[in-house]
Amino acid sequence: MKKYAVGVVGATGMVGQRFVSLLEKHPWFQLTVVAASARSAGKPYGEVVQSRWAMPTPLPEEARSLVILDAQADREKIAASVDFIFCAVDMKKEEIRALEDTYAKLECPVISNNSAHRWTDDVPMVIPEVNPQHIQVIESQRKRLGTKRGFVAVKSNCSIQSYTPALHPLREAFDLEKVLVCTYQAISGAGKTFQTWPEMVDNLIPYIGGEEEKSEKEPLKVWGSLEGGKILSASSPAITAQCLRVPVSDGHTAAVYMSFRGKKPSEAEIKALWQNFKGRPQELDLPSAPKQFLHYFEEDDRPQAKLDRELEGGMAITLGRLRPDSQYDYKFVGLSHNTLRGAAGGGVLLAELLCAEGYILPR
């Protein structure tokens, strides 16, 4: 098959670097453009990021010599030279919305890691295994934008990946009433390493700005319904969250408590639902899709970030410690790799889904 020409806008940051690393040898996608701020523009990508390359794999040779374009000033050039872009920029939300809309109106689809458009009601916010049907709203968005090819699609917040996928099959099979979740989030979620954030060594910060609101509300949009060309958020379950930054390099962990209305599933039924759950990416056998999406560990001390975050290329969700609770019906622990499944990897999988379903076509 002809490969899609792909650009990464915001390519010098941590998530942008992850996109660049994931595109190396991708069977469908060919990295052809890297873009960043004006201060990096005009320089070879390798020269700019070599000293601050934060990925565990070497800087891809195919990216090293690409000359960085200006994400703002070179928008028309970028849009005309790629089939779509991944966007992971560090700007104010209103600036990000304007930038992404501009690319879309230039007939360049945007797969965004940013939060700016997550609450635009005709922009799908997708966990590909959970709500792939939401990409249908793109047709309504195109009418609003006046485009034929262009649109914006976003991935959800990285932390909700560690518990929302596990709750999804339970919500479909039973009446999930309420959820309490505490997330313990890695420093890479803030774009940091221990070298750049030494204050996090032997430390825990009980606050991440805006994260608790996202953790409580974003799952409800993911579980929402398509009505009148818009996505309407679900009304249940009720979710309350606390979010803490912990001294872990990669991997967001969630301690989850849940209760059901009416008939309560057994532990065996919950584990069977997790074991047997497959989503659209598994049906389509997409290149980045994990074969087993939800993995359950019977050991009392799993999942662990250091041991389990890389499972299935960092794209699986790992679960453990399911047991009855004295205040809620059950509790369990979930783990996701925040810069793979939760960020760039989830974006790549979303792009694969959009290509497979015909929403992105090669020029």
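A charge sits over a ring if NZ of Lys or CZ of Arg is within 6 Å of the ring centre and within 35 degrees of the ring normal. The model is predicted: local features need pLDDT of at least 70, side-chain atom pairs count only at pLDDT 80 or more, and totals for chains, interfaces and linings use all residues. Residues are numbered from 1 along each chain as its sequence is written, and side-chain values use heavy atoms, with hydrogens and water left out.

**View 1. Lysines over tyrosine rings.** The charged end of K178 sits over the ring of Y328, 5.0 Å from the ring centre. K264 lies over the face of Y330. Here the distance to the ring centre is 5.4 Å.

**View 2. The F29–F86 ring pair.** Rings of Phe, Tyr and Trp (its six-membered ring) pair if their centres lie within 6.5 Å; planes under 30 degrees apart count as stacked, over 60 as edge-to-face and the rest as tilted. The count by this rule is 12 aromatic pairs. F29 and F86 have ring centres 6.5 Å apart and planes at 65 degrees, so the pair is edge-to-face. F29 lies in strand 2 (residues 29–36) and F86 in strand 4 (residues 84–87), so the pair ties together parts 57 residues apart in sequence. Helices (H or I, at least four residues) and strands (E, at least two) are DSSP runs, numbered from the N terminus. F29 is buried at 0% relative accessibility. F86 is buried too, with a relative accessible area of 0%. Buried means under 20% relative accessible area, exposed over 50%, partly exposed in between (1.4 Å probe, protein chains only).

**View 3. The F277–F293 ring pair.** This pair is tilted, at 6.1 Å centre to centre and 45 degrees between the planes. F277 lies in the loop between helix 9 (267–276) and helix 10 (280–284), and F293 in the loop between helix 10 and strand 12 (294–297), so the pair ties together parts 16 residues apart in sequence. F277 counts as buried at 11% relative accessibility. F293 is buried, at 0% relative accessible area.

**View 4. An aromatic cluster.** Y4, F19, W28, F29, F84 and F86 are linked into a cluster by ring pairs.
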